[in-house]
Amino acid sequence: MTTPQWVESWAPEEGATRVQDLFALAFEAGSAPGVWSAPGRVNLIGEHTDYNAGLCLPTALPHRTYVALRPREDDLVRLTSAQAEGVWETRLSDVGPGTTSGWGAYVAGVAWALAEAGYKVSGFEAAVDSCVPFGAGLSSSAALEAAFAVALDEVHGLGLAATDEGRAVLVDVCRRAENEIAGAPTGGLDQSASLRCGEGHALLLDFRPGLPAAESARPVPFDLASAGLTLLVVDTRAEHSHATGEYGTRRASCEEATDRLGVASLREIVDLEQALAALEPHDADGVLRKRVRHVVTEIERTAQFADLVRDGGVEQAGPLMVASHESLRDDYEVSCRELDLVVSAALDAGALGARMTGGGFGGSAIALVRLPDVGRVAQAVADAFAEAGLRAPLFLDAPPSAPAG
Ligand code: GLA
């Protein structure tokens, strides 16, 4: 029997002390840096729907990335991180698509995208530390971007983080940083979750273009504990990377399908059977139809899940999670052996529902579990991994937590 290992989140004071200490070690004495932080996210349902103008339903994790930052007069950016060697440096004038690489690209990209959006930003020195697991599909990169977005917002007096409309602007800034400077073709789910989620709430995101901020993200009270439930997050520690081609290939298939169907996005499909029939002549191997079926059915499941949460029926959401996982596994083909194993072991041990979360190809899965069953479900998953000869997974408790600030 292997003991399940848990990844604890840091108290805010601990995170702040860590980055202040790191900052003092790396940079010259002078005015004290300010401290900001931003959470990783877990998506309850609505996967690979964001770049299809669809719906997603994330919550913010209690696990956060912390930043101690001091602005500079010039345009030099100097960064140090507890998770990386040495000091990463660039001039803001050197940052642009295709010119910036390494982990600092996510940070310098935020400053670049703010400038592109018309906000004047200077250089800065900053120290970073994080308890968001890396490469676990829990949006450590969005947490990094969002922490810097709110930091730069405050030191330059932009006032964007003060309102949800302003935060929607910061979401766009962070997404551009990730797409155009870090070179990862992701949608806006992760950045929206890190910047716009609220404590005790899930966030129903609607990615139709042009919606007013208040309609693009609606907080939904999400109190699992009072329903006697909890959400167990399992980091499979199986390798996962969006920058690799698979994520881009999925996006390209969706774009090809929209072109063939003559719609602006897959969200516009009203009759799935009709759309599938229209694709058939152009789809000898059936791949396009599988991708479209996932996206259209996943958007529907997300709406149903959000309705259940609103109506106090979240304990009935398990089958929607399972259907989402099967669709991601069989139609979208982004699951993997480790994710499937978490889902089957958790369901066998009595979880109400379970599914992969995030982009897939490794990363994390979630299980909806009755409170008294948490230990048993975690144990069953840990045992299943040990029996299969896999590296021990990690477990996270995920009460819906506060946004970047
Ligand atoms: C990753 C991306 C998101 C989203 C999910 C899948 O997390 O960063 O934009 O597409 O995958 O839902």
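1. Let's begin with a definition: helices (H or I, at least four residues) and strands (E, at least two) are DSSP runs, numbered from the N terminus. This is a predicted model, where local features need pLDDT of at least 70 and side-chain atom pairs count only at pLDDT 80 or more, while totals for chains, interfaces and linings use all residues. Residues are numbered from 1 along each chain as its sequence is written, and side-chain values use heavy atoms, with hydrogens and water left out.

2. A pocket here is an open set of points on a 1 Å grid over the protein atoms alone, with protein on both sides within 12 Å along at least five of seven lines, and lining residues have an atom within 4 Å of a point.

3. The second largest pocket holds about 370 Å³ of space and is lined by 22 residues, including Val171, Asp172, Arg175, Gly188 and Phe207, which lie nearest its centre. The elements giving two or more residues to this lining are α4 (164-181), α5 (189-196), β8 (201-206) and α6 (213-216).

4. A cavity is a set of grid points where a 1.4 Å probe fits but cannot get out. The count comes to one cavity of 30 Å³ or more, and the largest cavity has a volume of about 120 Å³. Of the 13 residues lining the largest cavity, Asp50, Leu189, Asp190, Tyr247 and Gly359 are the closest to its centre.

5. Where does the ligand sit? You will find the ligand in the largest cavity, by the rule that more than half of its atoms lie within 2 Å of the grid points. Around the ligand are 13 residues (a heavy atom within 4 Å), of which Glu47, His48, Asp50, Asp190 and Tyr247 come nearest.

6. Have a look at the polar contacts (pairs of N or O atoms within 3.5 Å). An oxygen atom of the ligand lies 2.9 Å from a side-chain N or O atom of Arg41. For His48, a polar backbone atom is 2.7 Å from a ligand oxygen, and for Gly187 a backbone N or O atom is 2.9 Å from one.

Methods: A polar contact is a pair of N or O atoms within 3.5 Å; within protein, one must be able to donate a hydrogen and the other to accept it, and residues adjacent in sequence count only if both atoms are side-chain atoms. Grid points are joined across faces, edges and corners, and a volume is the space filled by probe spheres set on the points.
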